[in-house]
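The following report describes one protein model together with its ligand.

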Amino acid sequence: MPDNIIPASDEAIERAARLIRDGELVAFPTETVYGLGGDATSETAVARIFAAKGRPRFNPLIVHVPSLSEGEALALFDERARIAARRFWPGPLSLVLPRRRNCGLSLLASAGLDTVALRAPAHAAAQALLRAAGRPLAAPSANRSGRVSPTTAAHVLAELGDRVALILDAGPCPVGIESAVLDLTGPTPALLRAGGITLEELRTVFDEIEVPAGGGNAPRAPGRLPSHYAPGRPVRLDAVSARPGEALLAFGRAVPPGFAEVLWLSQSGDLAEAAANLFALLRRLDRPDFTAIAVMPIPDEGLGRAINDRLRRAAAPRTSTARR
Ligand code: TXA
Ligand code: MG
């Protein structure tokens, strides 16, 4: 095992926290996906994150905090934001809020916007790192820009191994799909990205939620590029029968015949299990000997919305940010 990937022990977390305070980058587990973390108050550290990912600088980063109280020092929480944070934090929900003046956050982290996306992750290792570092952590998913998000330390190593000081390994991410991004800067809450907290769960708190057309590819979400999460092979959605040489991502037991290989998101049709498996299985099927990765229809409800959002982007015509 390369020496920059280590189990997320207390000692490793202390080492990671020191690296963060020195302006270095550390990859760490969250309940959603692995993040590429840097000190969100350091313009240099944040610039390193953009460089390591090859991420366009107009796409802002999520800033991670241990809890609501640290979040309140960085952004303006209105009553709606407090209610959402109390209900869903720590957990897979990011809130877009107005930045506080003199919040000390890097401007680049917000890509020059006067808003910031904040999230308190639930994963014990992420919580421990945030508290040990004593800094908010800017952390996008730890993949090259436009590529499939990492849900294991090995994925991070393959994507960014030579560009991070340390990778904290805590096994596979339990949720497996990124946080929901909820914009609370307008009069009506807007779901900019479907994610680990579902629309149905958010509706238990908010009467009205805008879901911008195009699955959240709205001007207020500059980073919602149509082609994203892209494996090297083409992706074909809603497959009900096989085409020559295709591999299949299956959902449920009734699988059409004739595929060169079949891997199950979930045999029992469980959307949480499918979300947890999605990115790892996309990687496993991304082999040059398959003509394409076909995917069976996934119900567009609950976590299925986030899964379908990622699959649509994986299948979209590739832009210059997505490697072919
Ligand atoms: O689950 C997650 O959210 C993971 C883990 C590591 O926490 N992080 C993650 O970050 O997915 P990233 O950078 O891959 O995605 C951040 C998303 C992008 O779609 C970005 O455009 C949006 O959040 N975003 C960030 N700041 C924003 C802002 N101020 N306004 C609107 N959208 C924002
Ligand atoms: Mg990402």
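## Backbone and accessibility

A111 is partly exposed, with a relative accessible area of 23%; by definition, buried means under 20% relative accessible area, exposed over 50%, and partly exposed in between (1.4 Å probe, protein chains only). The model is predicted: local features need pLDDT of at least 70, side-chain atom pairs count only at pLDDT 80 or more, and totals for chains, interfaces and linings use all residues. Residues are numbered from 1 along each chain as its sequence is written, chains are lettered from A and ligands numbered from 1 in the order in which they are written, and side-chain values use heavy atoms, with hydrogens and water left out.

A111 is located in the loop between strand 5 and strand 6. Helices (H or I, at least four residues) and strands (E, at least two) are DSSP runs, numbered from the N terminus. The phi angle of A111 is near 50 degrees, a positive value in a residue other than glycine. D238, which is not a glycine either, has a positive phi of about 50 degrees. This residue, D238, belongs to the loop between strand 11 (235-236) and strand 12 (247-251), and its relative accessible area of 52% makes D238 exposed.

A further backbone feature is the cis peptide bond that joins W89 and P90, with omega about -10 degrees. P90 lies in the loop between helix 4 (79-88) and strand 5 (93-98).

## The ligand site

Which residues come nearest to ligand 1? Of the 25 residues around ligand 1, these are T32, R55, N59, H64 and S179; a residue is near a molecule or strand if one of its heavy atoms lies within 4 Å of it.

| Residue | Ligand 1 atom | Distance to side-chain polar atom |
|---|---|---|
| R55 | oxygen | 2.9 Å |

Taken alone, ligand 1 exposes 680 Å², of which the protein buries 98%. Accessible areas come from the Shrake-Rupley method with a 1.4 Å probe; for residues, only the protein chains shown count as cover. Strand 4, strand 6 (115-119) and strand 10 (190-193) are the elements that give two or more residues to the shell around ligand 1. Strand 6 gives the most, with three residues.

By class, the shell around ligand 1 holds eleven nonpolar, eight polar and six charged residues. Here Ala, Val, Leu, Ile, Met, Phe, Trp, Tyr, Cys and Pro count as nonpolar, Asp, Glu, Lys and Arg as charged, and the others, Gly among them, as polar.

## Buried segments

Helix 5 (residues 124-133) has A125, A126, Q127, L129, L130 and A133 as its buried residues. Their cover includes helix 1 (10-21), strand 2 (26-28), strand 4 (62-64), strand 7 (137-138) and strand 8 (166-169). After helix 5 comes G134, whose phi is positive, near 65 degrees.

L166 is part of strand 8 and is buried, with a relative accessible area of 0%. Beyond its neighbours within four places in sequence, L166 is in contact (heavy atoms within 4.5 Å) with N4, I6, A12, R15, A16, L19, L25, V26 and A27. The C-alpha atoms of L166 and V63 are separated by 19 Å, the two residues being 103 residues apart along the chain.

T188 sits in the loop between strand 9 (180-183) and strand 10. T188 is buried, at 15% relative accessible area; with neighbours within four places in sequence left aside, T188 is in contact with R80, D183, E208, I209 and E210.

## An exposed helix residue and the cysteines

R86 is in helix 4. Is R86 buried or exposed? With a relative accessible area of 55%, R86 is exposed. Apart from neighbours within four places in sequence, R86 is in contact with L68 and E79. R86 and L68 are 18 residues apart in sequence, and 7.6 Å separates them from C-alpha to C-alpha.

A disulfide is a covalent bond between the sulfur atoms of two cysteines. With the criterion of a pair of cysteine sulfur atoms within 2.5 Å, a search of the whole structure finds zero disulfides. C103 is buried, at 12% relative accessible area, and C173 also counts as buried, at 4% relative accessibility.

Technical notes. Polar contact = N/O pair within 3.5 Å; in protein donor to acceptor, adjacent residues only side chain to side chain.
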